[in-house]
Structures are given as C-alpha cells and as structure tokens.
Amino acid sequence: MTGAQRDLSFETRAVTLGRPAPEPDAPLNVPLTLTSTYIAGGELEYGRYGNPSWTAFEEVLGDLEGGSCLAFASGMAAIAAVLDLLPAGGKVVAPRHSYTGTVGQLNDSSNRGRLAVEYVDIRDTVAVGEACAGAAALWIETPTNPALEVADLAALIPAAHAAGALVVVDNTFATPLLQRPLELGADVVVHSATKHLGGHSDLLLGAVVVAAEEHLHAVNGIRSLRGAIPSPLETFLALRGIRTLPVRMERAQASALRLVDALTGRPGIEEVRYPGFGGIVSIVLTTAAAADALADGVRLWRHATSLGAVESTLERRRRWPAEAVTIPEGLVRLSVGLEDPDDLLRDLEQALETVVRGV
C-alpha cells in the first residue's frame with residue numbers, strides 16, 4: 001500500500017484495494033481463477049499454496065484490520081489453525097459465552113489433553129487478567145455470541161501480554177469497520193467471513209489476520225499442511241461483499257438501534273441486549289416456548305442460524321445442544337438486515353402479540 005493509500009478512509013480502501021492495475025482493457029476486478037496447477041518457476045506452483053482470488057481478498061481484509069491476512073475454508077478452519085499455534089498442554093483463557101464452534105474446539109482439545117481451558121466472564125476485566133497467569137493464550141470474543149457482552153480490549157490485551165499470553169480476538173461481530181484489535185496490541189484476529197464480511201448468505205469462509213511475520217509464516221504453514229484452503233469462488237464473493245460492508249453495516253446498525261428503542265420494555269420481552277454498535281440484537285423472552293413461538297410467528301424475518309447478511313434472521317440459540325447453559329432458554333438472537341426497519345418492527349410486533357396472547 002502506498003503512502004497516498006494510507007491516507008484514504010476505511011470506506012475508500014474497502015472499495016479500491018485488491019484490484020488489478022488500472023491499465024487499458026484491464027478488468028476492474030481480479031478475475032476468478034479456477035485452477036489446481038500452475039506452470040513451474042513462479043511463486044505459486046500448486047493450488048494448495050495460493051490463488052490470485054485469495055490474494056485479492058487477503059490484501060483488502062489485511063489492510064482493513066492492520067495486519068497480514070490468510071483466508072481459510074471456513075471460520076472453524078481459521079479457529080483450528082490459530083489453536084494449532086499453541087503448545088501442547090497450554091492453557092487457554094476464553095469467554096464462557098462464545099461461538100459454539102470455538103467452545104466445541106476448545107472442549108475437544110481439552111478432552112484430548114491437547115490444551116487446558118479456563119472459561120471466564122469476559123466482562124470481568126480483573127478476573128480475566130488474573131486467569132491469564134500461566135496461560136498460553138487469551139481468546140477474546142467481543143461482542144460475545146449470543147450474549148452480546150463487551151470486553152475491555154484496551155485493558156485485557158496488555159494484561160494478557162504481561163502474563164506472557166498470546167492474544168486472539170474474534171472480530172466477526174464488530175468487523176474492522178467498528179473495531180480493530182491489532183491496533184490495540186492484539187496478536188491475532190479471526191473472522192467468520194461467512195457473516196458480515198460476505199454479507200449475502202452465499203459462502204463459507206474464514207480468515208486469520210496477524211500482526212507479526214512469525215505468526216504469518218506459522219499460520220500459512222498450518223494452512224498448507226492441513227489443506228484448509230478456501231475456494232477461489234468463496235474469496236471472490238467475500239471480497240465483493242467487503243466492497244459494500246460500510247453501507248450495509250451503517251444501515252443494519254441504524255435499524256438495530258430503532259428496534260432496540262421500540263422493543264425495550266415491551267410486554268413479553270424480559271430483556272433487550274445490545275452492545276451499542278453493530279447489527280446484532282438479542283432479546284430474552286420468558287420461556288423457550290415463547291421464543292419458539294416468536295420464531296414460528298414472524299413472516300418477514302427468516303428463522304435461520306447464520307447472521308450478518310442482507311436479510312434479517314432470528315433464532316432461539318438454546319435450541320442448539322452445544323449452546324452454553326448460562327444462555328437464557330428464551331434468548332432470541334436477531335440479525336438485522338437491510339429491509340425497512342418499520343417493516344421488521346411490525347413483523348416482530350405481530351408475532352409478539354400472538355405470543356403474549358398465548359401465555
């Protein structure tokens with residue numbers, strides 16, 4: 001990136017980076033490259049080691065996060081690669097409320113004796129810092145999924161480093177538009193690019209962004225050795241999604257704030273959880289049955305498990321056996337899309353009225 005590009009805004013860099021040189025008849029976008037094999041003598045050699053479609057995506061996300069990016073086949077593959085950086089028997093401090101895939105991998109590693117895991121309330125900064133004593137890594141998710149708890153990154157990162165721990169931040173919910181952990185000193189950022197970055201519910205992709213060259217080489221070696229490589233099509237689509245991330249997030253966040261204001265204190269809703277930014281809201285209904293009835297009663301919202309896309313989705317998270325038992329049975333996670341917020345609100349209201357009448 002040139003000095004002039006460093007002065008550009010996030011929005012401009014999201015649109016302009018990762019493109020071919022502006023030469024006559026050159027395409028505006030890096031073409032989708034579908035190949036397994038390259039002519040010998042260059043840097044790529046074989047499809048497991050690189051692809052121009054990956055490179056364009058990695059250039060953009062790496063710049064937006066302020067580090068070096070590697071794309072993976074899924075968010076789960078990205079998480080697994082980062083955990084592979086840790087020494088055998090190393091202790092990982094992690095939020096008790098985290099993405100179920102993260103918790104599943106940590107529990108599996110613990111059960112096999114590969115890692116030791118200590119779960120914490122990520123909001124309790126002092127307790128988390130104390131738990132980092134002797135830890136190999138502090139894994140931070142903020143906001144947490146689906147409890148929407150916010151961690152104090154500015155305090156936790158130096159505390160973990162003082163204890164000698166690697167700091168990993170899952171930035172899927174906030175995205176680099178709203179939060180850049182590497183600028184606060186984190187070592188590694190992970191993403192499920194399936195969510196806000198891709199933004200259209202049409203791809204599976206993960207990403208790891210690192211601050212240090214040594215971590216870049218290590219993660220790249222893990223990706224190549226394990227074969228957890230992304231599809232060129234997935235990276236092509238995710239890069240296209242990043243181009244519109246700022247405007248999508250602006251709309252989703254504005255609509256989320258509208259819903260939070262309207263739903264707070266409404267009959268049938270015990271609690272509205274919102275971290276103050278982003279497009280994800282969690283509401284807590286009185287019972288699991290009430291939450292299920294809400295999911296069944298909406299007409300515009302879609303009952304689905306993913307998030308961060310142009311369409312609005314919701315689900316009762318405890319319907320998944322792997323969800324933490326400390327998550328309320330009646331918690332419904334709302335992923336606010338790009339529909340008219342008044343239409344979204346009216347749809348929730350009509351479903352809630354049915355729920356309240358049925359209680």
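Modeller: Before we look at the sheet, here is the pairing rule: two strands pair if DSSP finds at least two bridges between them. Helices (H or I, at least four residues) and strands (E, at least two) are DSSP runs, numbered from the N terminus. This is a predicted model, where local features need pLDDT of at least 70, side-chain atom pairs count only at pLDDT 80 or more, and totals for chains, interfaces and linings use all residues. Residues are numbered from 1 along each chain as its sequence is written, and side-chain values use heavy atoms, with hydrogens and water left out.

Colleague: Okay, in what order do the 7 strands of the open sheet come?

Modeller: Read across, they go β1-β7-β6-β5-β4-β2-β3, with mixed pairing. β1 (68-72) and β3 (116-120) are the edges; each has a single partner strand, so one side of each lacks a neighbour in the sheet.

Colleague: How do β2 and β4 run, parallel or antiparallel?

Modeller: Parallel, with 2 bridges joining β2 (residues 91-95) to β4 (residues 137-141). Val 92 sits opposite Ala 137 in β4.

Colleague: And which strands does helix α5 lie across?

Modeller: Contact means heavy atoms within 4.5 Å. Axes are lines fitted to C-alpha atoms, for helices over the stretch in contact, with angles from 0 to 180 degrees between N-to-C directions. Here α5 (residues 100-111) lies across β2, β3 and β4, at about 140° to β3.

Colleague: At what angle do α11 and α13 cross?

Modeller: Roughly 35°, with the axes of α11 (residues 245-263) and α13 (residues 341-358) coming within 10 Å. Among the residues making that contact are Arg 251 and Leu 259 of α11, and Asp 342 and Leu 348 of α13.
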